[in-house]
Amino acid sequence: MRVLVIEDDVELAEAVGVGLRRSDMAVDVALDGAAGLSRALETDYDVIVLDRDLPGVHGDDVCRRLVEWGCRTRVLMLTAAGTMDDLVDGLELGADDYLSKPFDFPVLVARIGALYRRAQPAIPPILRHDDVELDSAQHRVRRGGSPLDLSPKEFGVLELLLASNGRTVSAEELLERVWDDSADPFSNAVKVTMSRLRAKLGEPPIIETVQRAGYRI
């Protein structure tokens with residue numbers, strides 16, 4: 001899952017980014033509305049966490065423009081105000097959910113996960129292929145009943161491949177969906193992660209390399 005956090009409070013933005021990455025999400029951060037709009041148009045994010053009270057381009061205007069430009073990314077709006085009128089205003093602007101500050105971080109993670117699931121075609125909470133089982137909610141993978149210790153990137157790659165139901169997924173798509181802007185598009189990050197994932201999955205192999213196209217299960 002790839003998330004954009006638009007928040008002008010540098011300390012909060014960094015803390016949210018670190019926390020979401022620890023929850024196996026790829027996260028980019030923008031510190032003002034203009035930068036956030038630019039990123040949202042350049043990258044296909046799954047969820048945008050948007051602070052309403054942004055300086056310059058206000059969060060309301062960011063949300064309104066995203067809707068006007070046909071952006072389909074789910075928006076979770078954050079605000080220091082928590083009245084019913086604020087909630088209604090935010091939702092009427094096009095936000096998909098609303099969370100008042102201060103918030104409990106597990107609640108933020110749960111809300112983002114719920115928005116992501118709403119934005120995707122119906123995917124079972126448990127993904128399986130032969131004797132491989134991936135539990136997206138619990139972030140657990142088993143093969144033949146034995147748990148596998150996967151890194152966040154390995155988990156993300158396997159989840160995307162399993163959810164693709166045999167479709168070939170390009171290295172570029174893996175890099176975009178599982179990594180974030182810190183990833184070098186010319187690096188061998190996907191190849192290295194794929195090699196480690198295959199080693200942990202063991203035999204018989206379930207990930208096939210499709211020449212000049214990508215990978216599939």
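Modeller: Happy to! Keep in mind that this is a predicted model.

Biologist: OK, and which residues are buried in α3 itself?

Modeller: Helix α3 covers residues 59–68, and its buried residues are Gly59, Asp60, Val62, Cys63 and Leu66.

Biologist: Where do those buried residues fall when you look down the axis of α3?

Modeller: They fall within an arc of 165 degrees, so the buried residues line one face of α3.

Biologist: What about α2 and α3, how do they cross?

Modeller: Helix α2 is residues 33–42, and its axis comes within 10 Å of that of α3, with a crossing of roughly 20 degrees. An angle under 35 degrees counts as roughly parallel, and therefore α2 and α3 are roughly parallel to each other. Their crossing is right-handed.

Biologist: Nice. Which residues make that contact?

Modeller: From α2 you have Gly33, Leu37 and Ala40, and from α3 there are Val62, Arg65 and Leu66. Sorted by class, the contact of α2 with α3 has 4 nonpolar, 1 polar and 1 charged residues. Val62 and Leu66 are also among the buried residues of α3.

Biologist: Let's switch to α6 and α7. Are they parallel or oblique to each other?

Modeller: Oblique. Helix α6 (residues 152–163) and helix α7 (residues 171–178) have axes that come within 10 Å and cross at roughly 120 degrees, and α6 and α7 are therefore oblique to each other. This crossing is right-handed.

Biologist: And who does the touching there?

Modeller: On α6, Lys153, Gly156, Val157 and Leu160; on α7, Glu173, Leu174, Arg177 and Val178. By class, the contact of α6 with α7 has 4 nonpolar, 1 polar and 3 charged residues.

Biologist: New topic: is Arg143 buried or exposed?

Modeller: Buried. Arg143 has a relative accessible area of 9%, and a residue counts as buried under 20%. Arg143 sits in strand β8, residues 140–143.

Biologist: What does Arg143 touch?

Modeller: Leaving out residues up to four places away in sequence, Arg143 touches Asp131, Val132, Leu148, Leu201, Gly202, Glu203, Pro204 and Ile206.

Biologist: Last one, the big picture. How many helices and strands are there?

Modeller: The protein has 8 helices and 11 strands. It has 217 residues, and 42% of them count as buried. Of the contacts between residues at least 6 apart in sequence, 58% join residues at least 24 apart.

Methods. Residues numbered from 1 in each chain as written. Predicted model: local features only at pLDDT ≥ 70, side-chain atom pairs only at ≥ 80, totals over all residues. Heavy atoms only, no water. Buried < 20%, exposed > 50% of the residue type's maximum accessible area, 1.4 Å probe, protein only. Helix = DSSP H or I, 4+ residues; strand = E, 2+ residues; numbered from the N terminus. Arc of directions from axis to C-beta. Axes fitted to C-alpha atoms, helices over the stretch in contact; angles between N-to-C directions. Parallel < 35°, antiparallel > 145°, perpendicular 65-115°, else oblique. Left-handed = near helix turned anticlockwise from the far one by under 90°. Contact = heavy atoms within 4.5 Å. Nonpolar A, V, L, I, M, F, W, Y, C, P; charged D, E, K, R; others polar.
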